[in-house]
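Reader: I'd like to learn how to read the parts and interfaces of a model like this one. Could you walk me through it?

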Number of protein chains: 2
Amino acid sequence: MFFSINPTNGLAIFDQIVRQVKFAVASGTLPPGEMVPSVRELAKELAVNPNTVVKAYRDLTAEGILEAVRGTGLNVTEDAVAHCEKERLTLLRERIRHVLEEAHSSRLETGEIRELVEDELTRLERAAKGKRGKKGADS
Amino acid sequence: MFFSINPTNGLAIFDQIVRQVKFAVASGTLPPGEMVPSVRELAKELAVNPNTVVKAYRDLTAEGILEAVRGTGLNVTEDAVAHCEKERLTLLRERIRHVLEEAHSSRLETGEIRELVEDELTRLERAAKGKRGKKGADS
DNA sequence: CGTAGTGTCCTATCGTGATAGAACAGTAAA
DNA sequence: TTTACTGTTCTATCACGATAGGACACTACG
């Protein structure tokens, strides 16, 4: 499925769901008109309390990204795409900035920070390539 | 003073204090034998509850980074430097990884992520340069 | 001595994120 | 209609971070 929860992320579960829905809409994985997983279904899949999913969906509905069809489910609105495309970069940029600011205030040289980032970035690339290649061999 | 609190950081206040003490020790800003600000003093300076500082200092003491001199204060231990130097990169790397992982799972291209990071990194460099140059002119 | 500064410990309250479990109204299909 | 889904709402409980305010033992200084 599209969503997954990372407990060590630093983000609240409901917030992770909110962001992942937005990202999925922004990337076209979740097109307008498409229905999101039902509250109980997603809660079960993520091994999370239904009320946590409810909160995430309620926030997304309040932002106009999802709309309720009573008795049927929640689907992605038409305006959602533009909204989410714009917000995706903002949300990610904000988090990136916080981390880089902490690294900088720890008196690390910019070069050392860049090295750390590049290191983790290539690690990500290798992981993605490995996944596409079907073989998940890791150290 | 050395420490500052960022409310939008995503980190708990006590955790920010813990990390900043470690970073200060790692960078030599806080050498062994040096005393950290008193609980009440730091709490006042950060506009934070004394108990929050207590928790941070208690954690640092439990890790052997600070040691108490009864009736006098807390000072940095001898072993702290090596400990903190090693942990600084680990702590930062971990946070960086989480952010990059979220960016990657949002289906952003590695190149786009790299661009975002580079963007914020140069922004940091410009800010630091501006500060050193005394003039804080910003757009 | 007393005073002022240390760290330490304690109880209590608050907000928030998360869990648990129940109930209700609406829709779809057999 | 009945059944099985939807979202929505509600109360209760818990953990955790933070706040507030008080108390105690110790040390340094005058």
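Reader: Which domains is chain A divided into?

Author: Domain bounds come from an automatic or database domain assignment. Here chain A has domain 1 (13–81) and domain 2 (88–131). This is a predicted model, where local features need pLDDT of at least 70 and side-chain atom pairs count only at pLDDT 80 or more, while totals for chains, interfaces and linings use all residues. Residues are numbered from 1 along each chain as its sequence is written, chains are lettered from A in the order in which they are written, and side-chain values use heavy atoms, with hydrogens and water left out.

Reader: How far apart do the C-alpha centres of the two domains lie?

Author: They're 28 Å apart. As for contact (heavy atoms within 4.5 Å), five residues from domain 1 of chain A and four residues from domain 2 of chain A take part.

Reader: What area is buried between domain 1 and domain 2 of chain A?

Author: The size of an interface is often given as the accessible area lost when the parts come together. Buried area is just that loss, taken with a 1.4 Å probe and summed over both parts. For these two domains of chain A it's about 430 Å², with carbon and sulfur atoms giving 70%. On the domain 1 side, A:R19, A:F23 and A:A26 lose the most area to domain 2, together 84% of what that side buries.

Reader: And how many salt bridges are there between those domains?

Author: A salt bridge is a side-chain nitrogen of Lys or Arg within 4 Å of a carboxyl oxygen of Asp or Glu. Between domain 1 and domain 2 of chain A the count is zero.

Reader: What about chain B and chain A: how many residues does the contact take from each?

Author: Chain B gives 39 residues and chain A gives 39 residues. The two chains bury about 4000 Å² between them, 63% of it on carbon and sulfur atoms. There are 13 salt bridges across this interface. One pairs B:E125 with A:R114, whose closest N and O atoms are 4.0 Å apart.
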